[in-house]
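Subject: Structure for your review

Hello,

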Amino acid sequence: MAPLTWPGINLHPFVPYSQAEGYLQIINELRSYLKSVTKFDEISFQPNSGASGEYAGLLTIAQYLKSNGQGHRKICLIPKSAHGTNPASAILAGFKVIVVEVDDGRVNMKDFHEKALKYKDELAAYMITFPSTAGKYEDTIHEMCETIHKYGGQVYMDGANMNAQVGYTSPGFLGADVCHLNLHKTFAIPHGGGGPGMGPIGVRKHLIPYLPTHPYSEKVN
C-alpha cells in the first residue's frame, strides 16, 4: 500500500495505458505475487473491498453457469461457520441460500452431504471460509470441494482469514474455484484501520472469461 502515498499516483481509471506504465507495473507485480500465493490462474483487481469481491466472485460463477446452459442453478450452500457477509452477497447475486449445520465450529458433514445431494440439480455454489470464523481448519475441505464439483457446483472460498493459510496451503490447492483477498487488512493494515480498500478475486482457468470488465476500458482486470 506504500505506493498509494506517492505524489501523482492517483490516476483516472480510464487513462490510456501508455500513460500508466508505472501503475501497471505495480499491479502486474502484485498479480504475480498473488497468483503464487493463491495458486490461481488469474487475479481481477476490479473489486474495491472484500464485500464487493464476494459479489464479483459470485457473479463470475453465475455468468459461467449461465454461459454453459446451467443458469437454472441458484442454490448456494453456506455453513454457519462462514464469514457473516456471505449470505448477503449470495442473495444480492441472485442465489438462494441454504444453511449447512456446524458442530463446534466445523461443518457437519452429514448435513453437508444430505443437502448437497438434495439440491444437486440446482446447486450453483458453496461458500466456505477457511479457516472458519471459529478458527477451525476443516480437515474435510478436499472432500467438500470434490463433492460440490461432482454435483456441478463451484466452490467460493472467503479469503477473510487468508493470512492463516499463507505458508501452509492455498485456495487453489484446497480445491476452491474463486476466492477474494482483503488486501487492505489481510496483507497490510489491521481490520478497521481505515484507508483505501482492495478486494481482488482469484479464479481458476475456466472462470477467467467471466471476470468483471468494462466496455470503456482497454482492460480492467
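Asp158 is part of strand β7, residues 154–158 (helices, H or I, of at least four residues and strands, E, of at least two are DSSP runs, numbered from the N terminus). With a relative accessible area of 0%, Asp158 is buried (buried means under 20% relative accessible area, exposed over 50%, partly exposed in between, with a 1.4 Å probe and protein chains only).

Before the rest, the conventions. The model is predicted, so local features need pLDDT of at least 70 and side-chain atom pairs count only at pLDDT 80 or more, while totals for chains, interfaces and linings use all residues. Residues are numbered from 1 along each chain as its sequence is written, and side-chain values use heavy atoms, with hydrogens and water left out.

Salt bridges

A salt bridge is a side-chain nitrogen of Lys or Arg within 4 Å of a carboxyl oxygen of Asp or Glu. The count by this rule is seven. Among them is the one between Glu101 and Lys80, whose closest N and O atoms are 3.0 Å apart. Glu101 lies in the loop between β3 (96–100) and β4, and Lys80 in the loop between β2 (75–79) and α3, so this pair ties together parts that are 21 residues apart in sequence. Glu101 is partly exposed at 31% relative accessibility, and Lys80 is exposed at 54%.

Asp104 and Lys136 also meet in a salt bridge, at 3.5 Å from N to O. Here the loop between β4 and β5, which holds Asp104, is tied to the loop between β6 and α5, which holds Lys136; the two parts are 32 residues apart in sequence. Asp104 is exposed, with a relative accessible area of 67%.

In the salt bridge of Asp177 with Arg204, the closest N and O atoms are 3.7 Å apart. The pair links distant parts of the chain, 27 residues apart: Asp177 is in the loop between α6 (171–174) and β8 (178–180), and Arg204 is in the segment after β9. Asp177 is buried at 2%, whereas Arg204 is partly exposed at 25% relative accessibility.

Backbone

Most residues other than glycine have a negative phi, and most peptide bonds are trans. Asp104 has a positive phi, near 50°, and its loop runs between β4 (102–103) and β5 (106–107). Lys39 is not a glycine either, yet has a positive phi of about 65°; Lys39 is in the loop between α1 (21–38) and β1 (42–44). The peptide bond joining Phe130 and Pro131 is cis, with omega about -10°. Pro131 lies in the loop between β6 (123–129) and α5 (141–150).

Aromatic pairs

Rings of Phe, Tyr and Trp (its six-membered ring) pair if their centres lie within 6.5 Å; planes under 30 degrees apart count as stacked, over 60 as edge-to-face and the rest as tilted. This rule gives three aromatic pairs. One of them is Tyr64 with Tyr210, edge-to-face, at 5.8 Å centre to centre and 70° between the planes. Tyr64 is in helix α2 (residues 50–67) and Tyr210 in the segment after β9 (201–203), so the pair links distant parts of the chain, 146 residues apart. Tyr210 is partly exposed at 23% relative accessibility. Phe130 and Tyr137 form another edge-to-face pair, with ring centres 5.6 Å apart and planes at 80°. Phe130 is buried at 4%, while Tyr137 is partly exposed at 38%.

Cysteines

A disulfide is a pair of cysteine sulfur atoms within 2.5 Å, and the structure holds zero of them. For Cys76, the nearest cysteine sulfur is that of Cys145, 13 Å away. Cys76 is buried at 0% relative accessibility, and Cys179 is buried at 1%.

Regards
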